[in-house]
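The sequence and the structure are shown first, and the points are then grouped by topic.

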Amino acid sequence: MKASLTLRASMVSALILVVFLGAWQLATLPTGGGAVYADPEYAAMMGGAATQASSMPTPGVVGSTILSQLSNPFYDNGPNDKGIGIQLAYSLSRVLAGFLLAAIVAVPLGFVIGMSPLMYKALNPYIQIMKPISPLAWMPLALYTIKDASLSSIFVIFICSIWPMMINTAHGVASVKKDWLNVARTLEVSAFRTAMQVILPAAAPTILTGMRISMGIAWLVIVAAEMLVGGTGIGYFVWNEWNNLNLSNVIFAIFMIGAVGMLLDMVFGVLAKLVSYQE
Amino acid sequence: MNQPFLKVEGLKKVFPSPGGAPDVTVFENIHFGFEKGEFVCIIGHSGCGKSTILNVLAGLDEATAGNVFMDGREVKGPSLDRGVVFQSHALMPWLTVMENVAFAVSSRWKDWNKEQVRTHCMKYIELVGLGHAADKKPHQLSGGMKQRVGIARAFAIEPKMLLMDEPFGALDALTRGVIQDELVKICDATHQTVFMITHDVDEAILLADKIVLMSNGPLAKIAEIVENPLPHPRVRQEIHHDPQFYAVRNHLVDFLVSRSKLIAQGELSSDYDPLHPPVIRPVVEALKLAA
């Protein structure tokens with residue numbers, strides 16, 4: 001009997017992981033005393049490190065870093081040494097704040113653009129020129145006007161999350177079936193009730209897709225923004241560990257950024273399922 | 001003079017053409033009326049503007065000229081007095097059958113509590129035979145069942161007039177027959193006033209008391225109004241045994257096949273008066289000779 005597709009797929013996934021870890025291990029193997037010459041004095045000073053071919057940590061070293069970091073995620077030993085949980089919490093709170101502010105602006109504005117061809121035409125040039133701007137390009141202006149590093153990164157998240165949400169909301173609202181609106185009209189349903197009970201549920205899947213895209217971009221951007229402004233957050237953590245030349249912490253942080261990003265996307269996947277409908 | 005329940009006066013619709021071409025007048029000088037409790041079908045080829053007339057009656061579209069009066073009041077914009085059954089059923093897919101009907105019912109009676117709304121909805125959902133499917137979503141229903149929900153929703157607000165735009169056009173013949181039977185039953189029971197578009201001659205004979213015939217567009221006219229001589233109650237399986245049936249059927253088919261085109265080309269009788277389109281009551285040849 002053939003194993004189920006899920007089982008076979010997870011076997012292939014496991015195989016890929018083993019091959020990857022094996023290749024990593026091989027690439028970072030110490031090549032032994034003979035292969036690399038080291039000045040004896042230097043070698044005495046550096047211990048074993050001088051003879052190591054690569055300073056890239058082995059999978060084992062990274063594994064023990066992950067274990068020790070995750071076993072104590074919320075320690076706080078001053079500004080340059082905080083647990084990964086605290087750093088992630090800073091980043092997440094900035095992302096959520098910027099994202100929520102963007103949603104508050106983008107969804108109603110998207111509604112207006114979607115319902116009014118006039119507003120669509122009037123606002124379209126601004127959207128088109130604002131959309132491709134890298135959110136980090138706003139950082140100097142934000143720092144100058146807001147004068148607060150943390151608030152500036154929230155602003156950067158706000159400005160990068162707003163466009164996909166606004167465009168998707170407008171698109172979803174504009175493509176609500178005319179028949180549904182006509183049903184509401186023949187029933188003399190008020191404009192507000194039509195918006196809440198017909199247009200919103202009809203456009204909700206499209207709006208949520210926009211939110212999902214925005215959240216993905218926001219999580220990408222927060223790392224770069226925090227590298228730039230420093231202080232706290234996962235982006236700052238990565239940059240700080242690079243300055244400490246602690247590559248195994250850097251790799252650990254990369255892994256955590258991926259894991260949190262995946263979780264955020266999964267949350268929106270669940271939300272999208274809740275509002276989706278089948279015609 | 002006594003005014004009919006529904007009165008259409010001098011209706012005209014012009015569609016602007018793009019790029020400077022002359023505008024198209026789909027129909028003009030449309031006059032007709034009918035009484036409360038009557039079932040009226042309108043028949044004509046595509047492009048004669050039947051749907052536009054129905055949308056004007058519904059208040060969803062505006063005529064270029066002319067007026068519509070219902071129950072002595074001018075029709076301006078959509079109203080709960082006129083229920084609409086849409087061709088594409090127009091159910092909201094995120095709501096269940098019950099919620100779809102309840103959306104309409106709670107719009108009609110805003111002060112009703114949940115229990116009142118539910119009881120009222122259930123009555124009409126059961127009327128179309130869908131009591132067992134009340135909590136299903138539209139995508140779980142067949143095309144015929146969806147259309148029945150659309151009919152239940154329109155009936156549930158107890159409108160003064162029901163407007164139906166080819167409600168059975170997208171259904172297979174068997175399903176169509178079943179729903180037609182249900183519609184006959186409901187209308188006989190409620191004496192609902194109905195204005196319906198159809199392409200199906202047999203459907204018109206089964207359902208309608210009056211059949212409005214429109215000539216081809218553009219510049220479509222009401223060629224005549226045919227009174228259905230078949231008596232109530234009409235049963236689908238039996239009406240074709242009535243000798244009158246073929247007289248009406250032949251008259252309607254002749255109109256659709258040839259006369260609708262000829263009239264559009266200008267072959268109208270000299271005494272044609274658009275204000276009072278001729279009212280015809282087809283009779284069997286044998287009866288005519290006997291008379």
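Of the 279 residues of chain A, 31% count as buried, a residue being buried if 20 or more other C-beta atoms, placed from the backbone, lie within 10 Å of its own, exposed if 12 or fewer do, and partly exposed in between. This is a predicted model, in which local features need pLDDT of at least 70 and side-chain atom pairs count only at pLDDT 80 or more, while totals for chains, interfaces and linings use all residues. Residues are numbered from 1 along each chain as its sequence is written, and chains are lettered from A and ligands numbered from 1 in the order in which they are written.

**Chain A: overall form**

- Chain A contains 11 helices and zero strands; helices (H or I, at least four residues) and strands (E, at least two) are DSSP runs, numbered from the N terminus.
- The radius of gyration of chain A, taken over C-alpha atoms, is 25 Å, well over the 19 Å given for 279 residues by the globule rule, so the chain is more spread out than a compact globule. That rule is 2.2 Å times the number of residues to the power 0.38.
- The C-alpha trace of chain A spans about 90 × 65 × 35 Å along its principal axes.
- Among contacts in chain A between residues at least 6 apart in sequence, 69% join residues at least 24 apart; two residues are in contact if their C-beta atoms, placed from the backbone, lie within 7 Å.

**Chain A: Val260(A)**

- Val260(A) lies in helix H11 (residues 247–275) of chain A.
- With 16 other C-beta atoms within 10 Å, Val260(A) is partly exposed.
- A distance of 8.8 Å separates the C-alpha atoms of Val260(A) and Trp219(A), which are 41 residues apart along the chain.

**Chain B: the open antiparallel sheet**

- An open sheet of four strands in chain B has the order E2-E1-E4-E5, with antiparallel pairing; two strands pair if DSSP finds at least two bridges between them.
- Strand E2 (24–34) and strand E5 (73–74) of chain B are at the edges, each with a single partner strand, so one side of each is left without a neighbour in the sheet.
- Helix H1 (residues 50–58) of chain B packs on this sheet and touches E1, E2 and strand E4 (65–70), its direction making about 120° with that of E1(B). Axes are lines fitted to C-alpha atoms, for helices over the stretch in contact, and angles run from 0 to 180 degrees between N-to-C directions.
- Strand E1 (residues 6–15) of chain B runs antiparallel to E2(B), joined to it by seven bridges. Within this pair, Val14(B) stands opposite Thr25(B).

**Chain B: parallel strands**

- E6(B) and E7(B) run parallel and are joined by four bridges; the bridge partner of Arg82(B) in E7(B) is Met161(B).
- Five bridges join E7(B) to strand E8 (residues 193–197) of chain B, again in parallel; Met164(B) has Met196(B) as its bridge partner in E8(B).
- Four of the five residues of strand E7 (residues 161–165) of chain B are buried.

**Contact between the chains**

- The contact takes 16 residues from chain B and 14 residues from chain A.
- Strand E6 (82–85) and helix H2 (97–108) of chain B each supply at least two residues of the side of chain B that touches chain A.
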